[in-house]
Amino acid sequence: MLDTFCSSSKLLKTFEGHSFSVNSISSSKCNGNQFLCSGSSDRTVRVWDVETTKQIQSFDGHSDFVDCTKFSPYHYHNHRQNVICSSSADKTIRFWDFKDNKQLQVFNDHTLGVCGIEFSPFNGGRYLCSGSSDKTIRLWDVETSKSLHVFNGHRYGVLCVDISPLESYDNSKSNSIGVIGGNGYTICSGSWDTTVCTWDIETAKRLIVFKGHEDCVRCVKYGSNESGIIGGSDTILSGSSDKSVRSWDIRSGQQIQVFKGHTNSVYAVEYSPLVTKDNRGFGLSNVICSGSSDNTIRFWDIQGNKESCVLYGDCNEDGICSLQFFSLDYKNNDNSSNVNLCYGSEKGPIHIWG
């Protein structure tokens, strides 16, 4: 699949409207329609119809760079509202109803810019995690708009956060509204202090400090059993301004692998749905993906511990700031693997390859 994607993929769609770097992209299917949301250094949050590539909404309520955007599963599943959550260097987290074109909530307890946000995979996305330049991580209750926990321990600002994936044995508890801890969920974070840390959601205590990066950590991502990676639910990926991508073993607290090849900061890492033959010439091997301001998207063979292929961004757009894999629904997509890669550029355009 990887070889086919790298050799035959082509530009399928372009979304134009942002005037500066697209720092975050996220996709969602709502009421039978497929949407993309994006946050940019042009201070706007935008919503796009994936099929038509038309911008259907733009919110300009932030007064500084927008660092992260996510569709809110809580609002959709509980109130049937189409809502985006965004975090900004203006110190706020805001919720936007993009169907009714209005702002719903503002979280403003952070004292400096809010960089990364992530919804909980449990309790229907009721809880939101945020990382800030004020060195803290917060856990919020979206339903009550309250800050529940503050996680302290990083020496410098927190640039990115993620929440451990939903465990199958917790499915019976997934609707236990009001119950946060006790299920073993953790948060991971990356910071200007060059470390990746994990935290217990129930106690707000720091669990592990991963050291190895030589510059700030700009992106982190938990693995999952669904990713197909052996031991996937026990791994974390990270990308850094030291130009490297690294993987970490949660069980041992040790670094597993270092992938070097980028020539500038790594802004995005993902576990790829694409696979390749293993180093023995048969079977399947897992692949991870990274995007960098060197204007490349690189695929790494975990088992072979090597770079598998490189895709280059448009030469006029400087670099890759964000990326996400997803499937397109519309019928004229002839990509047999039905895997598409969406990325945001430093100059503003968003592209989908497949």
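Helices (H or I, at least four residues) and strands (E, at least two) are DSSP runs, numbered from the N terminus. This is a predicted model, in which local features need pLDDT of at least 70 and side-chain atom pairs count only at pLDDT 80 or more, while totals for chains, interfaces and linings use all residues. Residues are numbered from 1 along each chain as its sequence is written, and side-chain values use heavy atoms, with hydrogens and water left out.

**A cysteine in a strand**

Let us begin with Cys342, which sits in strand β27 (residues 340–345). Cys342 is buried, at a relative accessible area of 0%; buried means under 20%, exposed over 50% and partly exposed in between, with a 1.4 Å probe and protein chains only. Setting aside residues up to four places away in sequence, Cys342 touches several others, among them Ile25, Leu36, Phe326 and His351; contact here means heavy atoms within 4.5 Å. Leu12 is 330 residues away from Cys342 along the chain, yet their C-alpha atoms are separated by 9.8 Å.

**The disulfide**

How many disulfides does a search of the whole structure find? The search finds one, where a disulfide is a pair of cysteine sulfur atoms within 2.5 Å. The partners are Cys6 and Cys309, with sulfur atoms 2.0 Å apart. Cys6 belongs to helix α1 (residues 2–8) and Cys309 to strand β25 (residues 306–312), so the bond ties together parts that are 303 residues apart in sequence. Cys309 is buried, with a relative accessible area of 12%.

**Strands side by side**

Two strands pair if DSSP finds at least two bridges between them. Strand β2 (residues 22–30) and strand β3 (residues 33–40) pair in the antiparallel sense over eight bridges, with Ser24 opposite Gly39. Together β2 and β3 make a hairpin with two residues between them, and Asn31 in the turn has a positive phi of about 55°.

Elsewhere, four strands form an open antiparallel sheet in the order β18-β19-β20-β21. Its edge strands, each pairing on one side only, are β18 (217–222) and β21 (254–260). Five bridges join β18 to the antiparallel strand β19 (residues 235–240), and Val217 has Ser240 as its bridge partner in β19.
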